[in-house]
Amino acid sequence: MKRLLYTAPALLLVSFIPGAGFWGPVVLLVGLIFFHELGHFLVAKWMGLPVEVFSLGFGPRVAGFAWNETDVRLSLLPLGGYVRLAGYNPEEPDAEDPHGFLAQPAWKRLAFYSGGILANILITVVVFFFLGVNNARTTAARPLPSPLLVVDVSSDMPGAQGGLKAGDQITRFGELKFPGSSNEEAITYIRARVGQPIEVAVEREGINRTLTVTPKDVGGAGKIGVAFEPSSWVYDKRPLQARDLGSGAYFAVVGSARLGWEILGNFGKLVTHKVSFKEVGGPITIVRAGSRAAKAGLMQFMGLIALISMNLAVLNALPIPFLDGGHAALLIFEKIRGKDLSNLVKERILTGGFLFFVCLFALIIFQDIWKLRH
């Protein structure tokens, strides 16, 4: 898929951001993109579609083997992958072949477009299964000495007015340092300082900041409207039991469905301007989140993989030309119309979608960089 040709360079750029780490972001983004393409490939092979090449990576061929008519290869730059169908590429509609992709029944072409989306959904389900099993085995959680993680901020309270945001890691609250002090000590400290400015040191997106919040008098005690907790925990586990597999399966199905529905709702809120575009994160934000999650522990990293994978599934399912959902929407439109669009019209639609996607991508990258500097 051509979209990987600009996703891959973006990954190269953000991987060199100081403090972002390397392997966490690489596994997160490259792995998810590769499995997306693997989904297209396996569906194509299952239905007997003419696949010329399935490649892990881009550039010159390094190694590989033949699977019937398909060259399964490892390429020089292992940044994702791609599937090349014989006789027709959806982004090269002029390359016609009576035995190629366009000659296949519509349901096979729809299934091919759905392959990548289904692969991303399957990754989320599998990851949620293991997280569900792991949660079922947890018997106790104990906090470790660590910075305080801001979980929620009330918009009309001093914490928000002072600049605190969910996801911030508080390393100092006035004279209290974290690690070193407890969650309860921080609450007592705030309650005793009604109307007194408190200097708060936080780490946000790898950047250290100093903010000032002034507790508000609520019933005689200082409040700042911020929920926080230790950022590191240790969990006690019991041996695996058979019922844990059932708990994992339930969490996998229900949790994946809820996550997909929530992400779809968020896209809807973005379109209807109920959510600001400023809250959208691009590759740089994802890479930095992946790096933090990888450092926080395996379970946190797996949770982020599931979240990003479901986001990719929902995004690709949207009827935007150039994405899988856009190709499927064009095909369905042609079937309802009873006549195929000309190659010229389809090329113009796909080019328009490509330009829209590139502009959107550039805007998100610019916004990511702006967030880094502010």
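The legends below describe close-up views of a predicted model.

**View 1. Overview of the chain.**
The chain holds 10 helices and 12 strands. Of its 374 residues, 45% count as buried. Among contacts with a separation of 6 or more, 68% are between residues 24 or more positions apart.

**View 2. The largest nonpolar core, with 21 residues.**
Leu-28, Leu-32, Val-127, Phe-128, Ile-263, Ile-305 and Met-310 have the most contacts inside this core. At least two core residues come from each of helix H2 (23-46), helix H3 (106-137), helix H6 (242-271) and helix H8 (298-317). The most are given by H8, with nine residues. Beyond its neighbours within four places in sequence, Val-127 is in contact with Met-302, Ile-305 and Ala-306. Another core, of 19 residues, lies apart from the one shown here; Val-153, Leu-176, Val-202 and Val-213 are among its members.

**View 3. Strand S7 and its pairing partners.**
Strand S7 spans residues 198-204, and five of its seven residues are buried, so the strand is largely enclosed by the rest of the structure. Strand S5 (residues 169-173) pairs with S7 in the antiparallel sense over four bridges. Phe-173 has Val-200 in S7 as its bridge partner. Strand S8 (residues 207-213) also pairs with S7 in the antiparallel sense, here over seven bridges. In S8, Ile-207 stands opposite Arg-204.

**View 4. Helix H5 and what covers it.**
Helix H5 (residues 183-191) has as its buried residues Asn-183, Ala-186, Tyr-189 and Ile-190. Because these residues cover an arc of only 120 degrees around the axis, they are on the same side of H5. In an α-helix there are 3.6 residues a turn, so residues three or four places apart point the same way. The exposed residues Glu-184 and Thr-188 are on the face of H5 turned away from its buried side. The cover over the buried residues of H5 includes strand S4 (148-153), S5, strand S6 (176-177), S7, strand S10 (221-223) and strand S11 (226-230). Arg-193 lies over the face of Tyr-189, at 3.6 Å from the ring centre.

Pro-179 is placed in the loop between S6 and H5. Most peptide bonds are trans.

**View 5. An aromatic cluster that includes Phe-34 and Phe-35.**
The cluster is formed by Phe-34, Phe-35, Phe-41, Phe-54 and Trp-67. Nine aromatic pairs are counted in the model. In the pair of Phe-34 and Phe-35, the ring centres are 5.6 Å apart and the planes are at 70 degrees, so this pair is edge-to-face. Phe-34 counts as buried, at 18% relative accessibility, whereas Phe-35 counts as partly exposed, at 40%. The charged end of Lys-45 sits over the ring of Trp-67, 4.8 Å from its centre.

**View 6. Asn-68, in the loop between strands S1 and S2.**
Strand S1 covers 51-67 and strand S2 covers 70-85, with Asn-68 in the loop between them. Phi of Asn-68 is near 55 degrees, which is a positive value in a residue other than glycine. Most residues other than glycine have a negative phi. At 63% relative accessibility, Asn-68 counts as exposed because the cut-off is over 50%.

**View 7. Val-53 and its surroundings.**
Val-53 is in strand S1. Its relative accessible area is 2%, so Val-53 is buried. Leaving aside neighbours within four places in sequence, the residues in contact with Val-53 are Thr-70, Asp-71, Arg-73, Tyr-82, Val-83 and Arg-84. Val-53 and Ala-86 are 33 residues apart along the chain, and their C-alpha atoms are separated by 8.3 Å.

Methods. Residues are numbered from 1 along each chain as its sequence is written. This is a predicted model: local features need pLDDT of at least 70, side-chain atom pairs count only at pLDDT 80 or more; totals for chains, interfaces and linings use all residues. Side-chain values use heavy atoms; hydrogens and water are left out. A nonpolar core is a set of buried Ala, Val, Leu, Ile, Met, Phe, Trp, Tyr and Cys residues joined through side-chain atoms within 4.5 Å. Buried means under 20% relative accessible area, exposed over 50%, partly exposed in between (1.4 Å probe, protein chains only). Contact means heavy atoms within 4.5 Å. Two strands pair if DSSP finds at least two bridges between them. The arc is that of the directions from the helix axis to the C-beta atoms. Rings of Phe, Tyr and Trp (its six-membered ring) pair if their centres lie within 6.5 Å; planes under 30 degrees apart count as stacked, over 60 as edge-to-face and the rest as tilted. A charge sits over a ring if NZ of Lys or CZ of Arg is within 6 Å of the ring centre and within 35 degrees of the ring normal.
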